[in-house]
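Here is a short note to read beside the model. Keep the structure open and find each residue as it comes up.

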Amino acid sequence: MTPSKLEEQTTTPPSAADAEFTERPYSVYTSKEKWFIVTLVSFAGIFSPFTANIYFPAIPTLTSVFHKSTELINLTVTMYMVLQGLSPMFFGSFADFHGRRPIFILCLFVLCLSCVGLALVPTNAYWLLMVLRCLQATGSASTIALGAGVIGDIAVPSERGGFFGFYSLGPMLGPALGPVIGGALSDGLGWRSIFWFLCIATGLACIIMLLFLPETLRQIVGDGSVVPGPIYRPWIPIISCHSTAASNFKRPPKRKFKNPLLLFKNLDIVMLLFFNGIVYSVFYAVTASISSLFADIYPFLNDSTIGLCYLAIGFGTAAGSAGAGKVLDWDFQRMKKVYIETHGSKSMKTESNDLGDDFPIEKARLMSMSYSMVVLVATGMGYGWCLQKKVHIAAPLVLQFIIGALSMAVMNPTQTLILDLMPGQGSSVTACNNVVRCLLGAVAVSVIDIILSSLGPGFTYVLLNGIIVISMPLLYLVIELGPRFRKKRREADVQTLVARS
């Protein structure tokens, strides 16, 4: 096969692997079936941040019962965040190669077993507490990357924003609900009840996945019409495998394993990951400092009512995720209309994961973010000065809600865009995103108390939001340079196919 003919036929990168049937729908699942799948993975995705944050109210108690300093108990939090960032690099890339369903179930099973161990850990075995927390992070963290990969498998770019916005509800509600539930359990039933609760919840989630979650990896099931092996099929097939359509479908070829670290060679991806990590670290700094700041500024609050204060930012993230998804899809349709008017309707493949080199997907995803960014920065600075001046508690709670909503309005578009730019590697690229934002978040959490003590809340949040402002040009660089990087990746893919043929 000549290079010119190969380039003609290759309308998607080899990772998409569906150029031979571009006229078929990208996925045979109906809209209701897609929403059902996204709901399942969103439920599983809540456990990564939920497991981390439900632990916070028990730290003073653990310091006492394990007879260790607060610094040593906090080290279990630090190690959790490190493993939370690193483990998806393994499980995410493994899922891109061997399937989403078995890795989902494996992660939840590991998480469930680790919670049993933590509930039974002797108080004279600090080392075991540390090991089990690392194991807990290994099991919980990868669910976010796996869920993002599922969305990339079943959704085309025109509908991906809405799905990703809804999917983000689960992972982002964890930091808000975790401290509330953890505080109530620790006060009422003791610290061990936290881990028994997690054991029951993750065990239930694992069973639900076994019963209902179908395999979605396109290497294994294609567009959903290829019947996979027994381990990839749900025990209760609520969602049909649509095998009647499989007669005209050719299973996509197996891809070679790709090292997820190689994704960091793409400058546009790195810029998006870094920007998203900056916004996430500031968001996490706000969340992590709520208990200490509110306890000092509003002394009438106790542990339980401080836990309730997390609900404001939690409900904000929920509202922001839902709204951001709708805005993303609306922006995409608006850009699509302009593109078709300029290039003609035949140039746009609405039922394909491939949009072509000319479609400005970067602009479609990021065009509305500048408005959210301005309000987010202003709100973040105002939040700090409200705490500095010790105004009525209602004011910072309202601003928390806005910060939560706008943080999602900023982070969701970048996370959706990295899925668009790396088709077929959804779990791997989300794992890279997890590494960057968890490491930056760990840095923010480790220094936030020091900065607050030195500068006070007002100037602290001016500084943190100023860092967001400084990182904003990265988005405009992605919009301007992104199409060139996409074209280079496509040319490299074509050359790879030529060499193999």
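Is Ser407 buried or exposed? Ser407 is buried, with a relative accessible area of 2%. (Buried means under 20% relative accessible area, exposed over 50%, and partly exposed in between, using a 1.4 Å probe and protein chains only.)

1. Ground rules. This is a predicted model, where local features need pLDDT of at least 70, side-chain atom pairs count only at pLDDT 80 or more, and totals for chains, interfaces and linings use all residues. Residues are numbered from 1 along each chain as its sequence is written, and side-chain values use heavy atoms, with hydrogens and water left out.

2. Around Ser407. Ser407 sits in helix H17, residues 394-421. (Helices are DSSP runs of H or I with at least four residues, strands are runs of E with at least two, and both are numbered from the N terminus.) A polar atom of the Ser407 side chain lies 2.7 Å from the backbone oxygen of Ile403. Leaving aside neighbours within four places in sequence, Ser407 is in contact (heavy atoms within 4.5 Å) with Phe283 and Leu376.

3. Salt bridges. Side chains of opposite charge can pair when their charged atoms come close. The structure holds six salt bridges. (The rule is a side-chain nitrogen of Lys or Arg within 4 Å of a carboxyl oxygen of Asp or Glu.)

4. Lys34 and Glu159. Lys34 counts as buried, at 8% relative accessibility. Glu159 counts as partly exposed, at 24%.

5. Two pairs that use helix H15. Arg486 and Glu362 meet in a salt bridge of 2.8 Å, N to O. Arg486 lies in helix H19 (residues 473-500) and Glu362 in helix H15 (residues 361-366), so this pair ties together parts 124 residues apart in sequence. Both Arg486 and Glu362 are buried. Asp420 and Arg365 also meet in a salt bridge, at 2.6 Å, N to O. Here Asp420 is in helix H17 and Arg365 in helix H15, 55 residues apart. Both Asp420 and Arg365 are buried.

6. The second largest pocket. It holds about 990 Å³ of space. (On a 1 Å grid over the protein atoms alone, a pocket is an open set of points with protein on both sides within 12 Å along at least five of seven lines; a cavity is a set where a 1.4 Å probe fits but cannot get out; lining residues have an atom within 4 Å of a point. Points are joined across faces, edges and corners, and a volume is the space filled by probe spheres set on them.) The pocket is lined by 34 residues, with Phe56, Ile59, Asn74, Ala288 and Ser291 nearest its centre. Helix H5 gives the largest share of this lining, seven residues. The lining divides into 16 nonpolar, 14 polar and four charged residues. (Ala, Val, Leu, Ile, Met, Phe, Trp, Tyr, Cys and Pro count as nonpolar, Asp, Glu, Lys and Arg as charged, and the others, Gly among them, as polar.)

7. The second largest cavity. There are seven cavities of 30 Å³ or more. The second largest cavity has a volume of about 130 Å³. Its lining has 15 residues, with Ile144, Phe164, Ser168, Gln415 and Arg437 nearest the centre. Which helix gives the largest share of this lining? Helix H17 does, with five residues. The lining divides into nine nonpolar, five polar and one charged.

Key
Polar contact = N/O pair within 3.5 Å; in protein donor to acceptor, adjacent residues only side chain to side chain.
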